[in-house]
Each structure stands twice: as C-alpha cells, then as structure tokens.
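Work through the exercises below with the sequence and the model side by side. Each task is followed by a stepwise solution.

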Amino acid sequence: MQGVERYRELLGSHWRVANQLEHRTVVYARLNLRDEARVDALAAMDIQRRTLSTTFDVASAYERRRLLAVRRPSINHYVSLMNRPGDERDAWDAVLFWKGIARRHGREVIERSVASGDPELAELLATLGSLRRQVSELYSSPRPPDSEDLAKAVDAKERAERALALRSARYAEEQDAAVVDADRVLATLDDDTALVDFLSFFRFEWDEEGQMSRRMTYAAFVARRDGVHRVDLPDADGLDR
C-alpha cells in the first residue's frame, strides 16, 4: 500500500511539471519562439517517459487506461514540434515508446488469457506481478534505493519473465514486442529492408500571428538500417476514405 501511495504522489508531481512544460510550449509557439518550445517539449517528454517506465506496473488497470488517454495528446504536441531535419529519429523513438506502453497495458489481458485454466502459469504470473511492484516501489522510494537491492529485484523480475516466456510462447512473443526503441529496431533491419511505421495524430500548427490550428493527419516513419526518414501525409479524412 505504501508503494502504491508513493506511486500516486510521484506520478502527480511529475505530471504537474510535465503539464507546465507542455503549456509553455504552446505559449512559446504562439510567440514564434520555436526553439524554446522544442526545448520544453523535449523536457516534458523525457519526464513522461521516465515516470511511466518506473511506475506503470504499480498502477491499477483503471489508472493505466486513464494515463494512456490523458497523456496521448502529448505525442501530438511532440511530433508537431519535432519536425525539423534531424528530428526524425527522436520523434519516432517517442512514438515507439508510447505504442509500447499501450501494448504493455494490453499485456495484462494477454496474461490473464494465457493463464486461464493453467495453475502453473497463474502462479508464475502472480510471482511476476509481485516482483514488478517491488521494482517499481524501489524506483519510486523517497530515498534513492540501495543499488544492490535494486539489482537483485530487477534480476529476480527478469528471471521470472524469462521463466514465463519459456512456459508460454504467446507470452514470449508479446513480451518481446512490448517495449522497443529506435536503436533496437534499426539494428534488426537488413541493408535492403525498410520498415514503415504510421502514426495518426493531431498536427498542431501556428501561423505568424500565433494563431493555433490543428488537423488530424498521418506521419510515416520510414526506417532503414542507416537512419529514419519522416513523411508527413495529407489530412486523415482523405486517406481514411
């Protein structure tokens, strides 16, 4: 219980900072201070990624759904601002992270399905859930965790995940695909292979007078072994028909 309460306190304080930074990005963008807006957008995204990475497993199913719904607009702001040459890899890395978080939430449903009617799997999942909470509570402790305790907890969690993956091919597939980043994906591509990843998002735009507009559209991230390219597609309405 103490860990869950600490999680909520930590999450609330971090989101407040992230929200303030995102609000400033809008203000800066309206003033045509795009460099300042990008700095705050990067900082806000970094806070959100770090917070979700260390606390998501402690959150209840309801809190996870709410987090995904409430924080989803952050990707809209981030991808809208990170649109300069050279931004492609960072923008796609954030997109991959958010897709991975959404998949982690769906993993809970997969896990229950995997364990249905199998007491051994159910026991493995219960053990893994307990170890995940232990790791998250160490990360969110008011005091920095003892490095040895943290290493032991992380190792125990990873061993439990490997044991479950060996026991269930379906869980192994889901676990492997749940969290990826740009570096990991690019390293798997052959020289003659390209991967195209689409994102549907609200693109925010500001005119010279600072007036903001938004439109639903798509971005395509074309990943090759040597890097990532971004293609901004037309309005979603035309593409969805």
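**Exercise 1.** Which residues have the most contacts inside the largest nonpolar core, and how many residues does this core have?

*Solution.* The model is a predicted one, in which local features need pLDDT of at least 70, side-chain atom pairs count only at pLDDT 80 or more, and totals for chains, interfaces and linings use all residues. Residues are numbered from 1 along each chain as its sequence is written, and side-chain values use heavy atoms, with hydrogens and water left out.

Step 1. A nonpolar core is a set of buried Ala, Val, Leu, Ile, Met, Phe, Trp, Tyr and Cys residues joined through side-chain atoms within 4.5 Å. Buried stands for under 20% relative accessible area, exposed for over 50%, and partly exposed for the range in between (1.4 Å probe, protein chains only).

Step 2. Read off the core. The largest one has 35 residues, and the most contacts inside it belong to Leu52, Ile75, Trp92, Leu199 and Phe221.

Step 3. Assign the core to elements. At least two residues each come from H1, H2, helix H3 (61–81), helix H4 (88–115), helix H8 (182–188), S1 and S2. The element that gives the most is H4, with 8 residues. Helices (H or I, at least four residues) and strands (E, at least two) are DSSP runs numbered from the N terminus.

Step 4. Of its 241 residues, 42% count as buried. In soluble globular proteins, nonpolar side chains tend to be buried together.

**Exercise 2.** Describe the order of elements in the chain and the layout of the sheet.

*Solution.* 

Step 1. Count the elements: the protein chain has 9 helices and 3 strands. From the N terminus on, they run α-α-α-α-α-α-α-α-β-β-β-α.

Step 2. Order the strands. The 3 strands make an open antiparallel sheet in the order S1-S2-S3. Strand S1 (194–206) and strand S3 (227–235) are the edge strands, each pairing on one side only. From one strand to the next, the twist averages 30 degrees; angles run from 0 to 180 degrees between N-to-C directions, with axes as lines fitted to C-alpha atoms.

Step 3. Take the pairs in turn; two strands pair if DSSP finds at least two bridges between them. S1 and strand S2 (residues 212–224) are antiparallel over 13 bridges, while S2 and S3 are joined by 7 bridges.

Step 4. Examine the connections. Between S1 and S2 the hairpin has 5 residues, and Gly210 in the turn has a positive phi of about 85 degrees. The hairpin of S2 and S3 has 2 residues between the strands.

Step 5. Val196 has Val222 in S2 as its bridge partner. Asp197 stands opposite Phe221 in S2, and Phe221 in turn stands opposite Arg230 in S3.

**Exercise 3.** Which residue forms a salt bridge with Lys99, and how far apart are the closest N and O atoms? Compare with two other pairs.

*Solution.* 

Step 1. Apply the rule: a salt bridge is a side-chain nitrogen of Lys or Arg within 4 Å of a carboxyl oxygen of Asp or Glu. The count comes to 14 salt bridges.

Step 2. Locate the partner. Lys99 pairs with Asp197, the closest N and O atoms being 2.7 Å apart. The pair links Lys99 in helix H4 to Asp197 in strand S1, 98 residues apart. Lys99 counts as partly exposed because its relative accessibility is 34%, whereas Asp197 is buried at 15%.

Step 3. Turn to Asp87 and Arg38, where the closest N and O atoms are 2.6 Å apart. Asp87 lies in the loop between H3 and H4 and Arg38 in helix H2, 49 residues apart. Both Asp87 and Arg38 are buried.

Step 4. Asp40 is in helix H2 and Arg24 in helix H1, 16 residues apart. Asp40 is buried because its relative accessibility is 6%; Arg24, at 40%, is partly exposed.

Step 5. Note the linked group: Arg203, Arg230 and Asp232 are joined in a network of salt bridges.

**Exercise 4.** Is Leu31 buried or exposed?

*Solution.* 

Step 1. Classify it. Leu31 counts as exposed because its relative accessibility is 56%.
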